Amino acid sequence: MAKFLALDFDSEQWTVVSASANSGRVQIHRALAWEEKQTLTLATAKALGQSLRDHLKAERIGSAPVLACVPRDRLILKEISYPPVPAADEPAVVRFQVLRDMTTAPEAAVIDYLPGPDPHVGGERRTLVVVIPKDLLAAYQEMFTAAGVKLAALLPRPFATAFCLAQQMSRENGSPASPAGALAIMSLGDRWAEFCVVKDGHLVLARSMSTPAAGEESAVVGEIRRNLAVYAGQAVTSPVQALYVAESGRHATLADRLKTTLAIPVYRLDPFAGLADPELPTHGRGAFAGAVGALYARTQFRKLPINFVHPKEAKPPRDPNKWRAVAAACAVLVLAVATTVYAMITLAARDRELKELNIVKVGLEGQLQQMEKEDANRLAVQEWMDNRIIWLDELYDLTERFPENNVARLTKLSGDPLTHTAKDKQHIGRISLEGVTTETPKELESFFKHLTADGYYGVEPLNLNRNMLRIEPWRFRSQFKTSMSVANREPKKYQLRLSAEPPARKRDVQQNAGQDPAFGGFGGDQP
């Protein structure tokens, strides 16, 4: 439940109620009353606020939004009538009607009103208008600012007292309905008194009264009768049915005296009726009727029917196409949201698909790299196969084909790989031969011709010179030098078979000659 402070300040007297209010229920925690030595004006507002703050602090009452009551003698009440108008234009019409008959400057007044009952079809509407000086509103605001609390509502005390009566009657009757007919209320403090009439739950009359002195209640009776006569002159068909008296202090027995002098029933109005809390005052309870009524009004209305802090104001005319524009904007918004959601879902699906494709791509790239590596290895092997020369087979064939020792002898043989050229991609190696031969080396020339005829050799011309190596010069008078390019061949194409017998070992020769291998050789030759 929300906490509130209901305050009423009049004739140098404070009444404060601390309570929690919500959903038609009011739970009162504390109720205090004390006197001040000054009245509320702009000049005294700050000092009164500081005094209020000190009292609340001393009583350990926490800060809360304030519902304040304005006494009747500081209000201007005027009943006006006007034809039915749209609700948005009603505040402007009411303000115009009131200011037309007032001498106060429009900017110096705060105007609010209590809408009356709905008129009959085609009839005029009657409304009770309440006006306070703007300076008074500023004084209340400054006072509560100095007190350290927020002013949530400022309403007429007669209006709040009428709500207090409605709450007491609903509690007595067990029904929340507003009281039917006309009822009069008289509320008294030690230094003030007010009289008001409520008809069918609506405030129709409110007047300030002089405070009777002790033992002079007869003057009050006369003033009550005059107020009843004033009302009877305005509403002949709806007389006052009863009078409720909110007694206070020294006027605690006024209701009993009025019962014997007035022709209508008289009852007591107790704002704390039914509450047995020891924290609540036992006398002077009638002075709290306005503050307690403000709390009940706050629980029954989401927005108070009258509040000088937020008075009713004319509203700009409504655009007939507003809802169409709003509907169109909502449709566009829904379409935009749906499009955005669809785009986000589609984009998320594309992102998932892209991630999956990236995973596949990474896998394929790995496979491709592996395949490229395997291709490179295969090409390297193929290139090695294409560029290889089986040198052992070449030496084997040269040994089989080379002429006899008495015709030519080799002194140097070398084999080297060749780099491919555009003109010759077949020959991939070179064999260089050097040696000595007879003066007319026909068999050597025949050897090179056979090599050329095989098709696997490119034999260069034979270069013959005088034998300078001194290897059996009487037999080998010439020294030869040549080279030949060698083509690649598959191993199966080397088909020559060497038919020569290997030379006998010296040990075998000596044994065959009958010599002991351990002698004659100076230690013996090893095979």
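**Salt bridges and cores**

1. R126 is partly exposed, with a relative accessible area of 47%, where partly exposed covers the range between buried, under 20% relative accessible area, and exposed, over 50% (1.4 Å probe, protein chains only). This is a predicted model, in which local features need pLDDT of at least 70 and side-chain atom pairs count only at pLDDT 80 or more, while totals for chains, interfaces and linings use all residues. Residues are numbered from 1 along each chain as its sequence is written, and side-chain values use heavy atoms, with hydrogens and water left out.

2. The partner of R126 is E79, and their side chains meet in a salt bridge at 3.1 Å, N to O; the term stands for a side-chain nitrogen of Lys or Arg within 4 Å of a carboxyl oxygen of Asp or Glu. Because E79 belongs to strand β5 (residues 76–82) and R126 to strand β7 (residues 125–133), the pair ties together parts that are 47 residues apart in sequence. Helices (H or I, at least four residues) and strands (E, at least two) are DSSP runs, numbered from the N terminus. E79 is likewise partly exposed, at a relative accessible area of 40%.

3. A salt bridge also joins K312 and D112, whose closest N and O atoms are 3.0 Å apart. Distant parts of the chain are linked here, since K312 sits in the loop between α7 (289–300) and α8 (322–387) and D112 in strand β6 (residues 109–115), 200 residues apart. K312 is partly exposed at 25% relative accessibility, whereas D112 is buried, with a relative accessible area of 1%.

4. In the pair E394 and R489, the closest N and O atoms of the salt bridge are 3.2 Å apart. E394 lies in helix α9 (residues 391–401) and R489 in the loop between β18 (478–487) and α11 (506–512), distant parts of the chain that are 95 residues apart. Both partners are buried: E394 has 1% relative accessibility, and R489 has a relative accessible area of 6%.

5. Salt bridges that share partners join D8, D10, R157 and E194 into one network. The structure holds 19 salt bridges.

6. The largest nonpolar core has 76 residues, of which V17 and F144 touch the most other members; such a core is a set of buried Ala, Val, Leu, Ile, Met, Phe, Trp, Tyr and Cys residues joined through side-chain atoms within 4.5 Å. Apart from it lies another core, of 24 residues, including A193, L228, A255 and I264.
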